[in-house]
Amino acid sequence: MTRRVLILVAALLLLATACTSPSDPEPPTPHEGRRWQPKPGQPWQWQLSGRLDPTVDVPVYDIDGFDHTEATVADLHRRGRKVICYLSTGAWEDWRPDAARFPKEVVGRGNGWKGERWLDIRRTDVLEPLMAARLDMCREKGFDAVEPDNMDGYANDTGFPLTAADQLRYNRLIARLAHERGLAVGLKNDLDQVGDLVQDFDFAVNEQCAQFRECERLRPFLTAGKAVFHVEYELPTRAFCPQAERLGTSSILKRYELGAWRDPC
């Protein structure tokens, strides 16, 4: 067989393979397979009020998703930070730009903070598109993760007969919506459901587990190699840092207004 014939046969075989092989897979969606996974012990800054101080030398910042721009997130990225988008997903806040989109029937009793009221998380037909829009905002601004707040309404006096099953279903919905957008997502407080939800969430955010002697309940996250970002408000660091170091939590002392001041372990 001549060299020219051999080349022709090889070309025909390649063409036949191309015609019979399955089509190329769809290109991956943005961030697919690259979702950030914070690790235990990573230092962090949590600032939800006041002028943002971007100079704190920590790898993780948690800031308000509505109050900050894409440019702010990009600046923190240039400084080597991962950035978490704080949102309230379980309570209505009267000052948010989308507050009027929440029907009155899903807004319940106050949660102890001025202008905030619990949401009827059973009404996912109403809340899912509203929360999806908020998570779209976090993604479009370039955030790496989301901290959904007020995720334990069933354990509070909300004005609605919420059950633990209602809360599990809603929390998993929020986690799924975040993951679909390439965002890591943290479980905020809700210690009673840690065991059920540790596989659905990428990290945990906790307030005052040391004061209430509950930090051990967050161990499933740490055992799974997932960060626990922890804050105390009333205890001095000497009272909670030794345990934080043993457990591997990312623990800091903050004031209730969550300004720039912090005292880390």
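## Cys 241 and Cys 265

Cys 241 counts as buried, at 7% relative accessibility. In this predicted model, Cys 241 forms a disulfide with Cys 265. The two sulfur atoms sit 2.0 Å apart. The link is left-handed, with -85° about the S-S bond. Cys 241 belongs to helix H7 (residues 237-247), and Cys 265 to the segment after strand S12 (263-264), so the bond ties together parts that are 24 residues apart in sequence.

Cys 265 is partly exposed, with a relative accessible area of 40%.

## Cys 85 and Cys 138

Cys 85 pairs with Cys 138 in a disulfide. Their sulfur atoms are 2.2 Å apart. The angle about the S-S bond is -55°, and the link is left-handed. Cys 85 lies in strand S3 (residues 82-88) and Cys 138 in helix H3 (residues 124-140), so this pair ties together parts that are 53 residues apart in sequence.

Cys 85 and Cys 138 are both buried.

## Cys 209 and Cys 215

Cys 209 and Cys 215 also form a disulfide. The distance between their sulfur atoms is 2.0 Å. Here the link is right-handed, with 85° about the S-S bond.

Cys 209 is buried, with a relative accessible area of 0%. Cys 215 counts as buried too, at 3% relative accessibility.

## Overall pairing

The whole structure holds 3 disulfides. With the bonded cysteines of the chain numbered in sequence order, the pattern reads 1-2, 3-4, 5-6.

Methods
Residues are numbered from 1 along each chain as its sequence is written. This is a predicted model: local features need pLDDT of at least 70, side-chain atom pairs count only at pLDDT 80 or more; totals for chains, interfaces and linings use all residues. Side-chain values use heavy atoms; hydrogens and water are left out. A disulfide is a pair of cysteine sulfur atoms within 2.5 Å. Helices (H or I, at least four residues) and strands (E, at least two) are DSSP runs, numbered from the N terminus. Buried means under 20% relative accessible area, exposed over 50%, partly exposed in between (1.4 Å probe, protein chains only).
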